[in-house]
Amino acid sequence: LEAVIHARRAVVSMVNDKYKRLAASTLFYGLQLTMGYMLMLVIMTYSGPLFLCTVLGLMTGHFMFNLNTKNLVVAEGSTPCCQNELGQQEKAAEQEKHVDETNHISDQFVDVKTSVPSCCGTPAF
């Protein structure tokens, strides 16, 4: 599941055409939902070993695919909408970095704890 999420982010960010980007995102989203519901069905068998394997597999995938992520922002219990907006805020913060006249890098960033995405209502931390 994490591989699909990672691939979705990578592919969608490379596509320039609006409609092709939307089509690619939609296909990956459908695959992500399908896999998520299949995992839910595995969990609903109420088999302890299958439950543990599923959770450990998701944790391992999350660790491996986010290993090289510099600024991992995770809003606990947030909706996909909030996750998307937090990701957009993180990208905006990266773009706001600039070099001043003494060639020292000055970081301007969005404080995620005080800047709540518009669809979320309240911070989840």
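Begin by selecting Tyr 37, which lies in helix H2 (residues 18–43); helices (H or I, at least four residues) and strands (E, at least two) are DSSP runs, numbered from the N terminus. The model is predicted: local features need pLDDT of at least 70, side-chain atom pairs count only at pLDDT 80 or more, and totals for chains, interfaces and linings use all residues. Residues are numbered from 1 along each chain as its sequence is written, and side-chain values use heavy atoms, with hydrogens and water left out.

Tyr 37 is exposed, with a relative accessible area of 52% (buried means under 20% relative accessible area, exposed over 50%, partly exposed in between; 1.4 Å probe, protein chains only).

Now move to Glu 2, in helix H1 (residues 2–14). Glu 2 is buried yet has no salt bridge (a side-chain nitrogen of Lys or Arg within 4 Å of a carboxyl oxygen of Asp or Glu). The nearest side chain of opposite charge, Arg 9, is 5.7 Å away. Leaving aside residues up to four places away in sequence, Glu 2 touches Leu 58, Gly 61, His 62, Phe 65 and Asn 66 (contact means heavy atoms within 4.5 Å).

Finally, display the whole protein. Its 4 helices and 2 strands run α-α-α-α-β-β from the N terminus on. Of the 125 residues, 15% count as buried.

Key. Lys, Arg positive; Asp, Glu negative; His and termini not counted.
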